[in-house]
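Me: I have a model open and would like to know what stands behind the words used for it. Could you take me through some of them?

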Amino acid sequence: MPAKKIKDVKKAEAPAKAASGKESPDEPSMIRGELCPFCNQKTLALMEKEMEIPYFGKAYIFSMDCENQECGYHKADVESAEESKGPVKYTLEIDSEEDMKIRVVKSSSATVKILHVGSIEPGETANGYITNIEGILQRMKRMVEKLRDDAEDDADKKKAKNIIKKLTRAMWGQEKLKITLEDPNGNSAIISPKAVKGK
Ligand SMILES: [Zn+2]
């Protein structure tokens, strides 16, 4: 019976595939139960993943997530696996909904500036991630929404509201925005033929 044979072959192959899965470049490796630097519980999960990003090359993605729900500590970063590229700077003008899909690799050492809107600063608490332009605008929007909610001054509140409006319109492709991304370590990129790369 050929059907049974195929089933048997599949069954035999399954454990072998699972065992070799660890060496596959796309399979994340996980370590759980590490000490969390924030809550001091052994609830930290570490993840490391290797990824091939078109027009960027091989990259490592790391993350730390505390599984203690009361803590929720999160840290993530991305690093190019290629030879050190040195400082990079990208400039991009967006003007359409299509631009929202442009891929962005942003490491924790990168600064993202949106002209007349604001910036995402690097530093100790900054995270690295792979996202797209929409993801960057969403993060910026959440930051400005917090500023709006915390603002005690009416003028500051109004300013924040106008920036939120601007970002929303940009996401709909109805507002032009200029975005720059700078990374002294070369672990970041805006991946689009529209992006202008400088030093
Ligand atoms: Zn924790």
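Me: Happy to start with confidence: what pLDDT does the protein average?
Reply: The average is 89, and 86% of the residues score at least 70; pLDDT is the predictor's confidence in each residue, from 0 to 100. Over residues 1-23, though, the pLDDT is below 50. This is a predicted model, so local features need pLDDT of at least 70 and side-chain atom pairs count only at pLDDT 80 or more, while totals for chains, interfaces and linings use all residues. Residues are numbered from 1 along each chain as its sequence is written.

Me: Why is Leu181 called buried?
Reply: Being buried takes 20 or more other C-beta atoms within 10 Å of the residue's own, with C-beta atoms placed from the backbone (12 or fewer is exposed, in between is partly exposed). Leu181 has 23, so it is buried. Leu181 sits in strand β10, residues 177-183 (strands are DSSP runs of E, at least two residues, numbered from the N terminus).

Me: Which residues is Leu181 in contact with, leaving aside neighbours within four places in sequence?
Reply: Among them are Tyr90, Val112 and Ile190; contact means that C-beta atoms, placed from the backbone, lie within 7 Å.

Me: What makes β2 and β3 a pair?
Reply: Pairing needs at least two bridges found by DSSP between two strands. Ten join β2 (residues 44-53) to β3 (residues 57-66), so they pair, and they run antiparallel. Lys49 stands opposite Ile61 in β3. The two strands form a hairpin with three residues between them, and Tyr55 in the turn has a positive phi of about 65 degrees.

Definitions and conventions:
Helices (H or I, at least four residues) and strands (E, at least two) are DSSP runs, numbered from the N terminus. Two residues are in contact if their C-beta atoms, placed from the backbone, lie within 7 Å.
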